[in-house]
Amino acid sequence: MVPGILKIVLQSIKFYRKPVLYQVLIIALLSAVITGSLLTGRSVRASLKKSASERLGNTGILISSGIRYFDAELAQRMKDSAGINCTGILEINGYCQSLSSQKGAFNTHIYAVNNDFFTFNGDDSLIINQGEIAINKRLADYLAVKPGDDIIIRFKEISDIPADAPFAPAKDAGKSVVMRIGTILQPAYTGNFSLSISQIMPMNVFMNLSDLENEHGKSLKINRLLIDKKNVSSLSKITDDFKRDLRPADIGLRLRRVKKTRQTELISDRVFIDAAIVKEISNLLPSSAPVITYLGNRFMAGSRSTPYSFVSALPLSIYPEIATGDDIIINKWMADDLSVNEGDSVEMYWYSPDSLNKLIERSNRFVIKKIVEMQGIWSDSLLMPDFPGISGRESCSDWDAGVPIKMNEIRTKDEAYWNKYRGTPKAFISYEKGKELWGNNYGPATALRFPEALTEKEIEHKLSGSLDPRQSGFTFTDLYGDAIKAANESVDFGTLFFSLGFFLIVASVVLLSFAVSSYFDSKREQINTLFALGFKNRWIERLLFLESLSIGLIGCFIGALAGYLVNILITRALNSVWQGAVQTDTLDAFISVVPVLTGFLITILTTMILMMIKIRRYLNTLNRKEKEIHRRPSPRRNLLLLRYSFILTI
Amino acid sequence: MLSIKNISKSFIQRGLVLNNLCLEVTEGDSIAIMGPSGSGKTTLLNIIGSLDKPDSGEVTFRAASLANFTDDESAVYRNRNIGFVFQDHLLLPYLTVSENIMLPLLASNYTPEELSVKEEHLKILMDKTGITELKNKYPFHISGGEAQRVALVRALANSPSILLADEPTGSLDAKNANILGDLLLEMNKEFGITIILASHSADLAKKMSRVLRLDEGKLIAEATV
C-alpha cells in the first residue's frame, strides 16, 4: 500500500518524538505567554465588569443630592409619572460593632432602603424586617457574625442643616442603634452594592428605612435615587423627568402665610436658601424679595447693652420704610432698653464663620433712623427662621444656637421678651446691608417673601417642575455606563503582560528557530532521498509544511491550555502580591473564546511564518549543493545552541 | 540511450572534478566506474540522475537534453527513468519496508489500475530479492544487507531505464556484497535495466560488462580488473 503524505507526516512526528517534543514545548511556551497575557487582560476587564454589575445591581443612573436629603415620595412620583423603575435609598457612612465578637468595622456603608430596593435589584424574596438588618458577607466575615447576632451601628445624625452652617445645633457623637442580623447577603445578591467607583469590596449594612423614621419621628428623607438601567434612555431625559416631578417641598422649601404682612413666605429646612435658588426663583417670580434674619450677640449704646437679638434685613420693594446703608430701625423695646433716640448710634455684634469655619465676632455701627412700635409689620415673629436649636424652645437658656451663648448676660426681661414675642426681630436694616454682613456660603437669604397678590397655590404651581435640580445640589450620573466605560478603559493588562512576556516570546522564537534548524538538519539525508526518488520541490515543501503545521497545532493547543493556567497564576498574583496595580482582590480568571483563539492564531501564524522561512531556506540550501561555499549544517551544533538558549531562557 | 558529451564540473573547494568527460551508454549496459575517493564518481552519477548540472558539456537521455529540463521535469525524469541505490540504504526510518518500497509510486501520480500493476511487480521483486518476509518491519529492525536489498527494490519500483548505484556494497560484508552484486546483474539481465555503478570493489565491478576508471576527470576503459 502506497503511504499517503499525511501518514508520512504522522509517522515522522511519531519517530522523531524527542526533537518534535522540543518544538512542541517551545511553541507551547510561546502560546502560553501570548494566550495567558490576552486571557489576563480579558479576565481583569470581565472581573471589573462583573464587580461593577455586582456593585450596582440594576442601577443605571444615580440621582444624588450629595450631603442633602430629599423627600422619598419623589421616587414614587417618578415611578408613577415617568413609568420609570426606580428606588430611593439613604446612604450614610458609619461604624459597626458586633456585640458578641466585639470586633468593629469603620467606614461601613449603611443603606436605609425600602422593601422595593431588593425587588429593584431582581430579588423579590428578600425583605428586611423592621428591627433587622442585612449585612454583606465581607462585613459578616470581618465582624465574625452570623444571622441572629446583634450589632451596634453608629452614624452621624441626619440633618437637613449642614454641620458647619451658621446656627447649626451642636453635634453630639451621633446616633447608635442596635439591630439584629437577619440575612447575610452574598455578592451575587446585592451584597456588595456600592455607588462608589472604588474596586475595593465594601462592608455594607442594609436596614429598613422605616427604622430610621421611627428613630427620628420625621418623614422619610433619602439622598439617592436609583434608576433601573433597563429604563435608561438618556441622562438628559432622566434629568428632564426629574425636574418635571420636582416640587419645592422635595428640596425642603416650604411656603407659609405671614399673617402680619399678609404675604406668602418661602423658607428652607436648611435655614439659608442657596444663592442659586434665590436667583432662580427671582427669575421665575420677579416679585419675590429675599429676607435675611440673623442673630446678633448684643447691641451696645454707650454702656448699655441688649443681648441676643434677632435682626432682619428687609427688601425695600416690600418694606418701603426700611432704612438704607448703615441706618437702622429698632423697636421700642430695644430703644427703651438701650435708652437711645432716633439719630443715636448703636453698635451691633454678631458671630460669623471665617474661611476656616471658625467663629469670629464682628460688629457694625448703625445710626438709628427710626424707632417703631411693636405692631404691624414690625412685630413679625415669622421673620426669625426655624433655627432648630432655637425655635420652639421655652426659654433662652434652652437655646442650642450653634454659637457660644453667654447665659449670664441673659436677663429676666430678655426671657420675658422671648416668652412674649419669641424671635421677633428687634431691629431692621436694608436687605443689601444684611446680605453684605451675613450672607454666607449657605445662602444670602433666610426667606423669600412674595407680594400679597400671589397665593401659595400660584407660587407652588409656578415653582413645581421649574426648579433646576442641579441648582439644588442634585447630580445625575450614568453610573452603569461610567462603570462599564471605566472597566473597558482600565489598564490593558493583556498588552501589559504581553509586553512583560516579550522577552519570553522573543526567546521562544529564537529557540524555535534553532530547534527547527536542528530538526531539519537531522532529516537532510531523507529529504535528499525524496529528491532522488523523483519527488518535486513543491511536494517536499508541502510535506515539511504539514509536519510543521501539525507540530505547531499541537504546541498551540497545549499552550492555549497552559495559557489558562498562566491566567490563573497572574490573576492570583494580582489579587495578592500585585494588588496595588488593580486596587481590588476580586479578580476572577475567566476563560474566553476570543483571547484563546486570538492567542492560538497569533502563535500558529508566528510559528508557521518562521517554519515557512526555515523550510524555504532549507530547501534552497539543499538545491544549492556544492556550488557555493557554505557552512555545512551541523545538527550537533544546532542541538548545542538549542540547549544553551533554553538554559539562558530559563 | 544516454549520451554524455564533454562534460566538465569543478567545485571551489575541490577544483576540476570532471574534465571533458564523454560516455555513451546503450540499453542494457552494465557499467562499473572505478576510481579513488574524490575522483568524481558520485558527481558523475548525480549529473546523470539530474541531481546536479555540469558546468559545460551536455547530457542527453533518449535525445532529450537534461540541461533543458525544469525542476519539475527533472523530478519526473528521476522518478520514471532513474533508480538510485546509495552506499547507505537511505530508507526512511519511520516507514515500513513495504512503505519504503512503494514510496516512489507516490510521486508518480498513477491511476489505481496502474498502481495495482506496479504493486504486483514490486511483490515479484520482493520475492526475488528475498525480502517479502520483511515487509512490515522498519529499517532499524533489519540487517544492512537486507536494507540494501530493500533499497534496490525501491530503486526498481518504477521500472527505471537506468539504475545508478553509488558504492552499493560499500557498507556490506563480503557475503551480502556478493548477493547484492548478483541481484544487480540479475536485474540487468532479466529486466534489461541499464546499470551504472560507482564502486571501489573489483569483485562487484567484474560482474559488469564494462569497467571504466575515472582518472583526472576522464573515463578510461579498464583492460582488466
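The legends below accompany close-up views of a predicted model.

In this predicted model, local features need pLDDT of at least 70 and side-chain atom pairs count only at pLDDT 80 or more, while totals for chains, interfaces and linings use all residues. Residues are numbered from 1 along each chain as its sequence is written, and chains are lettered from A and ligands numbered from 1 in the order in which they are written.

**View 1. The largest nonpolar core and the surroundings of A:V205.** A nonpolar core is a set of buried Ala, Val, Leu, Ile, Met, Phe, Trp, Tyr and Cys residues joined through C-beta atoms within 7 Å, where buried means that 20 or more other C-beta atoms, placed from the backbone, lie within 10 Å of the residue's own. The largest such core has 242 residues, and those with the most contacts inside it are A:V205, A:I328, B:V153 and B:I196. Helix α2 of chain A (residues 17–56) gives the most to this core, with 17 residues; helices (H or I, at least four residues) and strands (E, at least two) are DSSP runs numbered from the N terminus. Leaving aside residues up to four places away in sequence, A:V205 touches A:C96, A:T108, A:I110, A:Y111, A:I133, A:I135, A:L139 and A:I153, contact being defined by C-beta atoms, placed from the backbone, within 7 Å.

**View 2. Strand β4 of chain A and its two pairings with β3(A) and β8(A)****.** Two strands pair if DSSP finds at least two bridges between them. Strands β3 (residues 86–98) and β4 (residues 104–113) of chain A pair in the antiparallel sense over 8 bridges, and A:C96 has A:A105 in β4(A) as its bridge partner. In the hairpin of these two strands, with 5 residues between them, A:Q102 takes a positive phi near 70°. With strand β8 of chain A (residues 204–208), β4(A) pairs in the parallel sense over 5 bridges, and the partner of A:Y111 there is A:F206.

**View 3. The hairpin of β11(A) and β12(A)****.** Strand β11 (residues 253–258) and strand β12 (residues 263–268) of chain A run antiparallel and are joined by 6 bridges, with A:V258 standing opposite A:Q263. The hairpin has 4 residues between its strands, and A:R262 in the turn has a positive phi of about 60°.

**View 4. An open sheet in chain B****.** Its 4 strands follow the order β2-β1-β4-β5 with antiparallel pairing, and the edge strands, each pairing on one side only, are β2 (15–25) and β5 (64–65). Strand β4 of chain B (residues 56–61) is joined to β5(B) by 2 bridges, and B:T60 stands opposite B:S65.

Conventions. A residue is buried if 20 or more other C-beta atoms lie within 10 Å of its own, exposed if 12 or fewer, and partly exposed in between; C-beta atoms are placed from the backbone. Two residues are in contact if their C-beta atoms, placed from the backbone, lie within 7 Å.
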